[in-house]
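Student: I have a new structure to look at, and I would like to learn how to read it. Could you take me through some features step by step?

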Protein chains: 2
Amino acid sequence: MRPTVHDIAASAGVSLATVDRVLNARPGVRAVTRAKVEAAIERLGYVRDVAAANLAKGRIYPLVFIIPEGENPFMRGLEAEVRQAMDRVTFDRTSISVVNVPPFDAHALAAAIDAAVAGEVAGIAAVAVDAPEVVDAIDRAHAEGVAFVTLVSDLASSRRDHFCGVDNVAAGRTAGSLMARFLGDREGPVAVLAGSMRVRDHSERLSGFSAVMAEAGCGRHVLDVLEGQDDPVRARALVARCLAEFPGLAGIYSLGAGNAGLVAALEAAGRPGLCVIAHELTPPTRAGLESGIVDAVLHQDAGHEVRSAIRVLRAKADGMKPVAAQERIRIDIFIKENLPPPDPETGTALAGEG
Amino acid sequence: MRPTVHDIAASAGVSLATVDRVLNARPGVRAVTRAKVEAAIERLGYVRDVAAANLAKGRIYPLVFIIPEGENPFMRGLEAEVRQAMDRVTFDRTSISVVNVPPFDAHALAAAIDAAVAGEVAGIAAVAVDAPEVVDAIDRAHAEGVAFVTLVSDLASSRRDHFCGVDNVAAGRTAGSLMARFLGDREGPVAVLAGSMRVRDHSERLSGFSAVMAEAGCGRHVLDVLEGQDDPVRARALVARCLAEFPGLAGIYSLGAGNAGLVAALEAAGRPGLCVIAHELTPPTRAGLESGIVDAVLHQDAGHEVRSAIRVLRAKADGMKPVAAQERIRIDIFIKENLPPPDPETGTALAGEG
DNA sequence: CTGTTAGCGCGTTCAA
DNA sequence: TTGAACGCGCTAACAG
């Protein structure tokens with residue numbers, strides 16, 4: 001059997017309370033006594049039973065996830081993952097709630113953060129918008145001792161504790177590299193469809209993509225960015241106009257949402273041979289891959305991001321280790337052939353690590 | 001606060017013991033009493049605290065992972081993931097041990113399975129070899145009530161409870177599709193380097209790859225399979241000879257291990273423009289991607305597989321739900337641009353879900 | 001500074 | 001068929 005607090009108390013010749021004080025780094029223990037206890041811990045190879053500890057302390061950790069509302073399928077999948085995680089974390093004495101805010105709205109986001117802080121939560125996860133008032137709100141949370149992680153889109157200039165998301169510059173580079181390889185010698189410029197340059201993930205992807213396109217051995221012209229606000233209707237109109245305007249277009253890189261509009265415009269135009277790369281495996285992009293309209297989809301695993309955020313927030317709230325640096329999220333590449341079966345539960349279209 | 005057994009006992013007007021009997025479906029409760037309790041459970045929305053339950057019952061679940069020995073980097077990474085998981089699952093009252101067997105050795109594997117069963121374990125995870133005696137051993141484990149999952153390589157004809165690994169036919173198809181796209185109009189046959197056709201994962205990958213190569217719109221010739229036994233030295237020799245024999249070779253698909261030999265042979269030969277696709281992100285394939293010798297690497301997340309195996313085995317040992325069908329493992333695609341930073345802990349070269 | 005004691009939510013004897 | 005009492009490993013009051 002594994003050694004318990006009793007064993008180490010006996011072995012060190014002290015009482016359980018003293019052992020507990022040492023374990024939890026609480027004051028009121030002489031250095032000599034502490035050394036004895038620590039020796040016993042080392043000697044017996046003691047590791048504390050976290051479940052029992054949580055059970056005993058009874059404290060619960062309230063976390064808040066702030067997620068953009070609206071019909072963006074990726075965000076809806078993200079929210080579904082959060083709701084699914086709620087059940088799984090109860091044993092960890094963690095309770096999660098979700099708050100929705102209008103997309104791209106810095107003011108609303110800042111207000112939501114302040115409200116959560118006022119609500120005495122232990123930690124906050126939010127999809128950041130790049131604006132000074134958001135930075136201020138995050139810094140206020142930090143000042144109040146509330147753990148904070150940015151989700152999907154980062155805000156490195158703030159005092160957030162961690163970023164749960166992909167390296168979006170690398171994602172853009174990946175898209176560029178695939179586009180270049182798929183196009184080969186084919187001539188023509190490429191278009192970029194984005195949501196808004198006011199979120200960091202979009203602007204970072206663009207910079208990575210543009211960099212590859214400009215590099216030696218590629219040298220392909222990138223047209224002006226089309227900003228569709230992640231709205232399918234606007235995206236469709238922008239893409240349709242672009243297709244009409246540039247008959248020689250070789251490819252389209254869609255780095256935001258609103259992909260339902262993109263796919264619709266492409267279907268209507270019927271332009272085989274056009275290389276299309278999009279982000280996030282959602283119902284529209286999945287359909288595009290299956291029909292052959294979309295060549296590749298870059299993806300981030302929302303479930304992984306959510307679980308990572310929970311772990312980091314809990315650790316921070318507990319004052320635990322300086323956050324596991326291993327929480328890096330992969331940039332997934334999907335083509336028609338490695339498309340995973342859809343997940344009926346979350347709609348994220350991905351089988352997920354439980 | 002969440003309702004506890006006390007609450008539902010009070011609400012139902014019975015004692016805790018009765019509530020417990022109902023919760024654990026034990027006999028000795030009148031139908032009427034049971035109904036009252038179930039009504040209370042429903043009414044209060046009670047969910048049992050698994051951590052506390054495990055703490056109370058004190059039972060511990062011994063699991064065994066049987067993994068091929070030798071220098072196959074993927075297998076070593078897999079084992080590292082298992083060892084890393086050991087610490088994390090102690091709170092779950094699960095203890096894991098690792099057993100090594102010679103690779104591709106059906107007899108040794110069957111013996112190891114029998115030994116584990118004799119050792120009264122709760123569950124076994126093993127990398128299967130395709131042989132009747134292995135099927136028999138798995139079926140014996142099943143008969144003894146020991147949960148069994150195949151890991152990485154399946155044996156669907158046995159009575160294993162679950163397979164923790166990727167769809168290898170789809171992985172082969174993915175490789176084929178990427179190869180076709182990367183090659184474009186370039187002429188020439190492609191070679192396939194495998195470990196052994198006696199493990200299902202290798203043979204399935206080959207069939208998927210060959211199918212795509214034979215399909216309309218591709219029609220590329222696939223040379224006879226080179227079987228390198230996942231040994232770098234043999235692999236190197238085989239590839240070197242093949243390169244010499246076929247100057248017009250367009251690509252190589254390496255679907256097994258031994259990739260250190262493949263990369264070495266390619267470096268020595270210096271054949272730019274050759275499209276190379278390999279499996280599993282390990283030190284040699286990572287180096288190949290970084291140097292540009294390898295174009296793409298298909299990967300399965302060993303950490304994910306291990307954690308999934310543990311969850312499934314635990315659930316089965318507890319007689320829980322008929323196994324979450326959601327435990328599907330993704331086929332990851334890596335190119336130079338989306339290469340994750342190496343993980344110093346496991347050597348699996350992947351940031352991993354903790 | 002240190003030790004005693006009473007739970008946390010649940011499972012499991014034993015009696016009734 | 002039912003109930004009371006104890007313990008799992010740990011934390012947190014309170015004493016000393």
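Tutor: We will go through a sheet, a pair of helices, a salt bridge and a record entry.

Tutor: First, this is a predicted model, in which local features need pLDDT of at least 70, side-chain atom pairs count only at pLDDT 80 or more, and totals for chains, interfaces and linings use all residues. Residues are numbered from 1 along each chain as its sequence is written, chains are lettered from A and ligands numbered from 1 in the order in which they are written, and side-chain values use heavy atoms, leaving out hydrogens and water.

Student: In what order do the six strands of the open sheet in chain A stand?

Tutor: Two strands pair if DSSP finds at least two bridges between them. In chain A the order is S7-S6-S8-S9-S10-S11, with mixed pairing. Strands S7 (226–227) and S11 (332–334) of chain A are at the edges with a single partner strand each, so one side of each has no neighbour in the sheet.

Student: How many bridges join S6(A) to S7(A)?

Tutor: Two, and strand S6 (residues 190–194) of chain A runs parallel to S7(A). Leu193(A) has Leu226(A) in S7(A) as its bridge partner.

Student: What is the strand order in the open sheet of chain B?

Tutor: Its six strands are ordered S7-S6-S8-S9-S10-S11, and the pairing is mixed. In chain B, Leu193(B) stands opposite Leu226(B) in S7(B).

Student: How do I describe two packed helices?

Tutor: Two packed helices are described by the angle between their axes and the distance between the axes. Axes are lines fitted to C-alpha atoms, for helices over the stretch in contact, and angles run from 0 to 180 degrees between N-to-C directions. Contact means heavy atoms within 4.5 Å. Helices H6 (residues 106–118) and H7 (residues 132–143) of chain A pack at about 10°, their axes 8 Å apart. H6(A) and H7(A) are therefore roughly parallel (angles under 35 degrees count as such). Among the residues making the contact are Leu109(A) and Ile113(A) of H6(A) and Val134(A) and Ile138(A) of H7(A).

Student: Which side chains meet in a salt bridge with an N to O distance of 3.7 Å?

Tutor: Side chains of opposite charge can pair when their charged atoms come close. A salt bridge is a side-chain nitrogen of Lys or Arg within 4 Å of a carboxyl oxygen of Asp or Glu. Here Glu290(A) and Arg286(A) form one. They are four residues apart in helix H12 (residues 283–291) of chain A, so about one helical turn separates Glu290(A) from Arg286(A). Over all chains, the structure holds 28 salt bridges.

Student: What does UniProt list for residues 3–57 of chain A?

Tutor: The unreviewed UniProt entry lists "domain: HTH lacI-type" there. Over residues 3–57, chain A is 69% helix and 0% strand.

Technical notes
UniProt positions are given in the numbering used here, feature names are shortened, and annotations may be inferred rather than shown by experiment. Angles under 35 degrees count as roughly parallel, over 145 as roughly antiparallel, 65 to 115 as roughly perpendicular and the rest as oblique.
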